[in-house]
Amino acid sequence: MENNEKVVAIDDEQKTKHRGIKAMPFVIGNETFEKLGTIGTSANLLVYLTTVFNMKSIAATTLVIVFQGSTNLATLIGAFLSDTYFGRYWTLGLASISSFLGMLIITLTAAVHKLHPPHCGTAETGVCIGPTAGQMSFLACGFGLLVIGAGGIRPCNLAFGADQFNPKTESGKRGISSFFNWYYFTFTFAMMVSLTIIVYVQSDVSWSLGLAIPAFLMFISCALFFMGSKIYVKVKPEGSPLKDVAQVIVAAMKKRRLELPDQPCLSLFNHIPPNSINSKLPHTDQFRFFSKGAILTREDEINSDGSAGNPWRLCSMQKVEEVKCVIRVIPIWAAGIIYYVAVVQQSTFVVFQALQSDRRLGSTSFKIPAASYIVFNMLSLTIWIAFYDQVLVPLLRRFTRKEGGITLLQKMGAGMVLAVITMILSALVEDRRRTLALTKATVGTDARRGAISSMSGMWLVPQLTLIGVSEGLTIIGQVEFFYKQFPENMRSIAGAFFCCGMAASNYLSSFLVSIVHQITGGAKTGNWLPEDLNKGRLDYFYYLVAALGMVNLLYFLACAKWYKYKGSDDGSTLELSQEKMQPQKPLV
């Protein structure tokens, strides 16, 4: 019986043909057009709601925040359904169709006059008429379909793309690392196109055309995805991985009073199903409490196939180690939340800095739009990804003998160092901008904010460039880290984990801004974050974020020193070769 099971497992493995680079035109093409469609629809959403649907600013802002928060939270549901029932292929396919339908509905709200309120300038009463309940309901249907689409796409697209490479070959391992880099490249490319061309068409040409373009791009994304169906590797779901986590916790609690044997790796119960897609893991000494769930007692029953009769009382050592993998990742994930606060500032307050800086391009009268300065961030990230993947990694590989040049934790740590430097540089630039505005002749006045400093807005480019490189190290490293360190049957949940971390960073940043605004409002130094930055001390706030980043960096270094990579049984923090772990991937 046991030999037959091994033969079946080997046959399944041999049938799995990883097409690798041959599948990438469909995978990368699908992801590029999907991002162009999604970002093109959502980037200018606030303006659309206030100008076309005549919504009040507060109501529109609230709706957008709820929509964005829902898309991030929906990834948890999408990941669970993917890893438990549908698999990544069908989850991505159905989610892509849902996103396309959502974009189509939102396009119709702009193209069909009866689906949005009359324009303020043409209303017979001379006032702005808000949307009717029917119009809002139709719009909400579009948002709902977009949330469903994002919930399925975001946690699965990275894992699905990486599934196409064989992790046990040299070319496959290099392909996975390159895929994560180029995945983020497509994201920044889509952001640049959406924030320039698509936003221009929406604002200055036609909303219906500007929204139809992303919808059409999403249609192309769906077509490309299904065109590659015959060559994809489609990993079969094994059932609820969260249920396995719960079983380990419950079993450990029931046996909490038992003592672990002297040689747990030899004595603990360790049945591994022959068709499991997860890598075989050795016993580790961390979180020893959970290992008690694998202690075999007289009361425990064993099935004829070797599995536990009651998995809520007895779990295999393999399952225990998989749960430990998830627990070990959480401290690293928390460090990423604090890190991303610095990134958020470079897409929010830097726009306000630009508004009160000299934005004239050289000696011409053309002014660079304040929001367009963020493109420098994306441009530096795009250039860095290409340089890092094609030049720096091969060079580092010669010295370190590691597939990625350096370990993932080293990569993430380097990005965190750059984030701290970025915030210090941002504070110095802001101090210079404010000093010139208060002591030298200004170049004009912003009606809502105040005097415009004579400092050129191009002085903001260095900090935006640095944070772009920082993202290319830390965020890409974090995405790859989650993918490789989570158990194979939880990789969609790993994608959702990343999305939830980004959402938490945004919420934390908003909370930090609110607290600083309230506390400094009555301070002798004055409010640090007023409407007129010349009357505030934004540089002090940047120093505060830098200090938080420094503390977070020390915390991250401590976590990195303590961390054990998946598959390590000797306490080593070096990344293991994927060859040492033997996952088996049965096809659907």
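Guide: Helices (H or I, at least four residues) and strands (E, at least two) are DSSP runs, numbered from the N terminus. The model is predicted, so local features need pLDDT of at least 70 and side-chain atom pairs count only at pLDDT 80 or more, while totals for chains, interfaces and linings use all residues. Residues are numbered from 1 along each chain as its sequence is written, and side-chain values use heavy atoms, with hydrogens and water left out.

Visitor: In which helix is the place of Lys561, and does Lys561 count as buried or exposed?

Guide: Lys561 belongs to helix H16. Its C-alpha is 9.4 Å from that of Leu409, although 152 residues separate Lys561 and Leu409 in sequence. Buried means under 20% relative accessible area, exposed over 50%, and partly exposed in between (1.4 Å probe, protein chains only). Lys561 has 72% relative accessibility and therefore counts as exposed.

Visitor: How are H15 and H16 oriented to each other?

Guide: Axes are lines fitted to C-alpha atoms, for helices over the stretch in contact, and angles run from 0 to 180 degrees between N-to-C directions. The axes of H15 (residues 491–521) and H16 (residues 538–562) come within 12 Å and cross at roughly 130°. Angles under 35 degrees count as roughly parallel, over 145 as roughly antiparallel, 65 to 115 as roughly perpendicular and the rest as oblique. H15 and H16 are therefore oblique.

Visitor: Which residues of H15 and H16 meet, and how many of them are nonpolar?

Guide: Contact means heavy atoms within 4.5 Å. Leu512, Val513 and Val516 of H15 meet Phe541, Leu544, Val545 and Leu548 of H16. Ala, Val, Leu, Ile, Met, Phe, Trp, Tyr, Cys and Pro count as nonpolar, Asp, Glu, Lys and Arg as charged, and the others, Gly among them, as polar. This contact has no polar and no charged residues, and the nonpolar ones number 7.

Visitor: How is H11 oriented to H14, and how do the residues of their contact divide by class?

Guide: The axes of H11 (residues 317–355) and H14 (residues 461–485) come within 11 Å and cross at roughly 155°. That angle makes H11 roughly antiparallel to H14. Among the contact residues are Trp333 and Gln353 of H11, and Glu471 and Phe482 of H14. By class, the contact of H11 with H14 has 13 nonpolar, 8 polar and 1 charged.

Visitor: What is the relative accessible area of Gln353?

Guide: Gln353 is in helix H11. Leaving aside residues up to four places away in sequence, Gln353 touches Ser426, Glu430, Arg433, Leu460, Gln463, Leu533, Leu538 and Tyr542. Gln353 counts as buried because its relative accessible area is 0%.

Visitor: Where does Phe287 lie, and what is its phi?

Guide: Phe287 lies in the loop between helix H9 (264–267) and helix H10 (288–291). At 27% relative accessibility, Phe287 counts as partly exposed. Most residues other than glycine have a negative phi. Phe287 is not a glycine, yet has a positive phi of about 50°.

Visitor: How many residues of H2 are buried?

Guide: Helix H2 (residues 24–42) has 19 residues and reaches 26 Å from its first C-alpha to its last, close to the 27 Å expected at 1.5 Å a residue. The expected span is 1.5 Å times one less than the number of residues. H2 is mostly covered, and of its 19 residues the buried ones number 14.
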